[in-house]
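Please keep the model in view while reading.

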Amino acid sequence: MKAHEIVADRRQVPLEFDQVAHRYDFLTALNPGYRKHLRWSAERMGLPSHARILDLCCGTGLSTRALIETYPDAIVEGIDGSHAMIAHARRKSFPTRVSFRVGDAMNLRGAGAEGPWDGILMAYGIRNMPDIDECLAQILTCLAPGGVVCFHEYSVADSLWTRSLWNAVALSVIVPFGRATSPGSDIYRYLRQSVVRFDGVKAFESRLRRHGFTGVRTETMDGWQRGIVHSFIARRPA
Ligand SMILES: C[S@@+](CC[C@H](N)C(=O)[O-])C[C@H]1O[C@@H](n2cnc3c(N)ncnc32)[C@H](O)[C@@H]1O
């Protein structure tokens, strides 16, 4: 599918990830800070080490790895809509307290992921949802009272500088590399467009508060992703 078609029908996103799953770990390894930043988001959740955690849109398990490194005794379940991404995650070595399953982040009950969870990490997921508000409503319901959610996500709408930097990096590095390694997919052009269209930091924080989340706060990353990738942290009221 072309990037604009994926933007128009985001239910297709997991199918696109099926096509690039075999290259996903290689490409993200070229992104300085990718794994470190996922760990920062996991740490910023401030959970107890034995927490029950949902890794929503877990992909090949890179965000799951960040969670288990941060919370070594946690019970972690990874859910993703892409069969191929989940197949890659399952091939990796994880403790038996970690499990993976295919499921739709827009239907957490149907995915058997209704919780209650002490924490939910959604790394590079919320931007791809066909209905962000519906997804947020479900996440709030699936958190235990006092539970913490972290959206690890790009957000560049608030600043012309970060938007320009993002477009420059995406057009000069991410899209050409993505095309060279996965010629059958337009997912990397979709990535650029979806980031530009996603909420700014203030708008996303307001959206979270409107849904009833409390303690909403945002922290960013370092390097070229400062002001571009963020941890949006919020709680379900106790
Ligand atoms: C950019 S990857 C992020 C993977 C992982 N969290 C990480 O940080 O490396 C986004 C993932 O979201 C998944 N995804 C997109 N829409 C989804 C949906 N509606 N339900 C479940 N997974 C979805 C894709 O299949 C893909 O694996």
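Val196, in this predicted model, is found in helix 8 and is partly exposed, because 14 other C-beta atoms lie within 10 Å of its own, a count that falls between the limit of 12 or fewer for exposed residues and that of 20 or more for buried ones. Leaving aside residues up to four places away in sequence, Val196 touches Val156 and Arg163. Arg35, by contrast, is 161 residues from Val196 in sequence and 23 Å from Val196 in space, taken from C-alpha to C-alpha.

Helix 8 has helix 7 as a partner, and the axes of helix 7 (residues 160-181) and helix 8 come within 8 Å and cross at roughly 165°. Angles over 145 degrees count as roughly antiparallel, and helix 7 is therefore roughly antiparallel to helix 8. The crossing of these two helices is right-handed. On the side of helix 7 the contact is made by Arg163, Trp166, Asn167, Ala170, Leu171, Ile174, Val175, Gly178 and Arg179, and on the side of helix 8 by Ile187, Tyr188, Arg189, Leu191, Arg192, Val195 and Val196. Sorted by class, the contact of helix 7 with helix 8 has 10 nonpolar, two polar and four charged residues.

The loop between helix 7 and helix 8 holds Gly184, which counts as exposed because it has 9 C-beta neighbours inside 10 Å. Gly184 and Gln19 are 165 residues apart in sequence, yet their C-alpha atoms are 7.5 Å apart in space.

Helix 2 (residues 13-29) bends by about 70° at Val20. Which residues of helix 2 are buried? They are Val13, Pro14, Glu16, Phe17, Ala21 and Tyr24, and these buried residues pack against helix 1 (3-8), helix 5 (83-91) and helix 8 (187-197).

Helix 2 and helix 5 pack with their axes 7 Å apart and at an angle of about 30°, which makes helix 2 roughly parallel to helix 5. Phe17, Asp18, Ala21 and Tyr24 of helix 2 make this contact with His83, Ala84, Met85 and His88 of helix 5. In terms of class, the contact of helix 2 with helix 5 has five nonpolar, two polar and one charged residues.

A further pair is formed by helix 3 (residues 34-44) and helix 4 (residues 62-70), whose axes come within 8 Å and cross at roughly 50°. Helix 3 and helix 4 are therefore oblique to each other, and their crossing is right-handed. Arg35, Leu38, Arg39, Ala42 and Glu43 in helix 3 meet Leu62, Ser63, Ala66, Leu67, Glu69 and Thr70 in helix 4. By class, this contact of helix 3 with helix 4 has five nonpolar, two polar and four charged residues.

| Helix pair | Axis distance | Angle |
|---|---|---|
| Helix 3 and helix 4 | within 8 Å | roughly 50° |
| Helix 2 and helix 5 | 7 Å | about 30° |
| Helix 7 and helix 8 | within 8 Å | roughly 165° |

Conventions:
Residues are numbered from 1 along each chain as its sequence is written. This is a predicted model: local features need pLDDT of at least 70, side-chain atom pairs count only at pLDDT 80 or more; totals for chains, interfaces and linings use all residues. Axes are lines fitted to C-alpha atoms, for helices over the stretch in contact, and angles run from 0 to 180 degrees between N-to-C directions. Helices (H or I, at least four residues) and strands (E, at least two) are DSSP runs, numbered from the N terminus. Angles under 35 degrees count as roughly parallel, over 145 as roughly antiparallel, 65 to 115 as roughly perpendicular and the rest as oblique. A crossing is left-handed if the near helix is turned anticlockwise from the far one by less than a right angle, and right-handed if clockwise. Two residues are in contact if their C-beta atoms, placed from the backbone, lie within 7 Å. Ala, Val, Leu, Ile, Met, Phe, Trp, Tyr, Cys and Pro count as nonpolar, Asp, Glu, Lys and Arg as charged, and the others, Gly among them, as polar. The bend at a residue is the angle between axes fitted to the seven residues ending there and the seven starting there.
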